[in-house]
Structure formats: C-alpha cells, structure tokens
Amino acid sequence: MTAALYAARANLRPLVITGRQPGGLLTTTTVVENYPGFPEGIDGHELMTRMQKQAERFGARIRSGSVEAVDLSSQPFGLTVEGEEVRSETIIIATGASHRHLGLKSEHLLENKGVTYCATCDGALPLFRNQPLVVVGGGDSACEEAMYLTRFGSMVHLVHRRDTLRASIIMAERALANPKITPVWDSVVTEVLDLKAGKVTGVRLKNVKTNTESVLDCSGVFVAIGHIPNTQIFKGVLDMDENGYIIPKRGTATNVPGVFVAGDCADHVYRQAVTAAGLGCAAAIDVERYLAARNE
Ligand code: NAP
C-alpha cells in the first residue's frame with residue numbers, strides 16, 4: 001500500500017492486486033503498538049484500511065484477486081489474475097508471507113476443528129471459551145496469540161521447542177508474567193488429538209531433551225511458528241535464497257530489470273509493518289527512477 005501511495009503520487013497509475021488476503025497478515029493481528037504515529041496503538045485491519053484509502057486518494061487502483069502466473073521474459077510484463085491477463089511496464093512484488101504449518105497429518109485433518117493459525121480470527125469461537133488452549137511457538141506471534149487467548153480460554157499452554165523465547169524482551173516478559181499462560185519448554189507437538197472424535201481434545205508432546213512423551217488436554221491448538229514467503233510463482237525466474245525469500249540487488253531491484261520487491265517476501269530479518277512500509281516507499285522511488293532513466 002505504501003508502494004502504491006508513492007507510485008500514485010508520482011503519476012504512475014499503479015494497480016494493486018490484493019491477493020487472497022487483502023491487506024495481508026496485518027489484518028489478522030489485534031493492536032499494532034509499534035507502528036509510529038499511533039501512540040495508543042491501532043487495530044491491524046484499521047491500519048491497512050487507512051493505508052488503502054490513502055493510496056486510493058492519489059489514484060491507486062485496487063483489484064481483488066490473486067496472481068496465478070507471471071511472464072517476466074519481456075516488457076511489458078504479463079500477469080494472469082484469475083484467468084485475465086494484466087500487462088505492466090514494471091512490477092513491485094509485495095506478496096508477504098503465509099503462516100508456517102507444523103506439517104503433521106493430524107494438524108491438517110483437524111484444521112478448523114480446533115487447529116488454527118490465527119487467534120484474532122478464531123479465538124472468540126465458542127469451542128475455545130473457558131477451555132485449556134495450546135499455542136505452539138516461541139516468537140512474538142506466539143506470545144501475542146497466547147496473551148490474546150487468555151481472554152477466552154481457561155488457561156493457555158505455550159509450547160516451545162527450546163527453553164528460551166525468541167520473542168522480543170517486552171513481549172516475552174509480558175507473556176511469562178501472565179498468570180493464565182504456562183510455558184511448556186523443550187517440547188514439540190508430535191500429534192494433534194483426536195482424529196476419531198473429529199475435533200481437538202489434546203496434543204501429544206515430546207520433550208526433545210528427555211525424549212519422554214506426554215498428552216496435554218486442550219480444545220484448541222494455535223500454531224504460531226513463523227512464516228513462509230509467498231514467492232512460489234516467481235521460482236526459477238527471480239533470485240531467491242534457500243527459504244524462498246527474494247534476494248534484492250541494489251536497493252529493491254531484483255535480477256530482472258523492471259521488477260522490484262518490498263516487504264516480508266524479501267525480508268526474513270526485520271519483518272515489521274514499518275520496515276515493509278519503508279521498503280514499499282523505496283521500491284516505488286526505485287520504479288520511478290528506473291522508468292525515468294529508461295525514457296531518457
Ligand atoms: P519467528 O520470530 O520466526 O518465530 C517463530 C517461532 O516458531 C520460533 O520460536 C521458532 O522456534 C518456532 N518454530 C519454527 N518452526 C517450528 C517448528 N517446525 N516446530 C516448532 N516450533 C517452530 O516468527 P513470528 O513470531 O511469527 O514473528 C515474525 C516476525 O513478526 C518477527 O520479526 C516478529 O518480531 C514480528 N512480529 C511482531 C509482533 C509485535 O511486535 N507485536 C507481533 C508478531 C510478529 P526457535 O525459536 O527455536 O527458532
């Protein structure tokens with residue numbers, strides 16, 4: 001949205017293709033407390049709605065839909081959006097990242113039957129009310145989800161594969177100080193129970209230090225173990241690292257001239273709303289300069 005705002009103000013008539021989750025993962029968080037300019041914090045969905053309105057005010061066009069295929073072999077580049085072709089002289093890829101899954105069959109089969117990847121979206125559901133809940137992960141997302149879920153669950157078990165949290169100090173301290181959150185250290189979920197019942201009744205855990213197994217009763221499993229960049233459609237065309245993050249060269253430019261990148265799909269280090277917005281701004285400025293130099 002920041003890239004669209006800057007590109008629109010530079011009269012480049014940007015078209016924003018929203019993808020499956022308009023506004024991105026930020027729309028699924030609760031209060032964003034670290035985006036500058038909002039001393040009281042701002043709801044993630046509200047922040048993204050405001051960014052879209054700001055970009056539209058200067059002429060950015062918004063099109064809902066996902067890009068199914070790209071042709072970056074010649075300019076104007078081709079994008080297939082829900083079966084229709086869109087052509088553009090330049091592209092800024094800001095496709096973000098999606099939730100990482102544990103990779104268990106039982107996790108997959110019990111998704112939406114107690115297994116979820118978004119406490120904000122699902123935490124208030126009746127099936128989680130006054131029930132013990134499990135959050136898996138040790139980062140900021142896991143701490144945030146666990147704290148949010150204390151509003152609904154009877155208690156929240158924070159299952160982490162190590163004995164220290166990866167989360168920022170402020171988030172880790174808040175989570176561990178919450179009397180409704182119990183950390184379960186050095187443990188991984190090996191199975192979500194119970195497939196026969198067709199709903200979540202607990203998790204089977206393995207302590208990675210002692211190899212002992214145990215069962216923890218719960219009605220919900222909230223998986224918050226990081227993200228995977230949404231870059232699959234650019235595989236083999238754009239330079240990426242082994243985890244699929246696009247590798248920018250010189251600012252936000254990629255290895256294909258005219259294609260630029262911004263945000264979490266190219267950033268596994270900072271991954272903040274404000275750094276993504278900053279990179280969106282940089283990408284739009286890079287596009288403007290690229291077009292100006294080409295047309296000289
Ligand atoms: P993250 O920082 O990458 O943390 C992922 C966590 O999941 C780590 O603790 C990791 O364990 C664990 N994990 C990864 N794969 C696993 C697996 N297969 N099984 C079990 N555990 C696994 O991801 P995140 O928490 O989603 O945060 C992403 C970014 O967004 C960060 O930069 C974060 O600061 C930011 N964020 C900020 C806020 C905020 O400030 N309010 C809120 C949410 C997110 P290890 O620690 O052992 O690697």
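**A chat about the fold**

Modeller: This is a predicted model, and its protein chain has seven helices and 19 strands.

Biologist: What are the spans of the C-alpha trace along its principal axes?

Modeller: Roughly speaking, the trace covers about 70 × 40 × 30 Å.

Biologist: And what radius of gyration does the protein chain have, next to a compact globule?

Modeller: The chain comes out at 21 Å. A compact globule with 296 residues would be near 19 Å, so the two agree.

Biologist: OK, how many of the 296 residues count as buried?

Modeller: That's 42% of them.

Biologist: Switching topic: how many residues does helix H7 have?

Modeller: Helix H7 has 22, running over residues 273-294. From first C-alpha to last, H7 reaches 31 Å, close to the 32 Å expected at 1.5 Å a residue.

Biologist: Which residues of H7 are buried?

Modeller: Among them are Ala-277, Gly-280, Cys-281, Val-287 and Tyr-290.

Biologist: And what do those buried residues of H7 pack against?

Modeller: Helix H1 (2-9), plus strands S8 (91-93) and S19 (259-261).

Biologist: Back to the whole chain, then: of contacts between residues at least 6 apart in sequence, how many join residues at least 24 apart?

Modeller: For the protein chain, that's 55%.

Definitions and conventions. Residues numbered from 1 in each chain as written. Predicted model: local features only at pLDDT ≥ 70, side-chain atom pairs only at ≥ 80, totals over all residues. Heavy atoms only, no water. Helix = DSSP H or I, 4+ residues; strand = E, 2+ residues; numbered from the N terminus. Rg over C-alpha atoms; globule rule 2.2 N^0.38 Å. Buried < 20%, exposed > 50% of the residue type's maximum accessible area, 1.4 Å probe, protein only. Contact = heavy atoms within 4.5 Å. Expected span 1.5 Å × (residues − 1).
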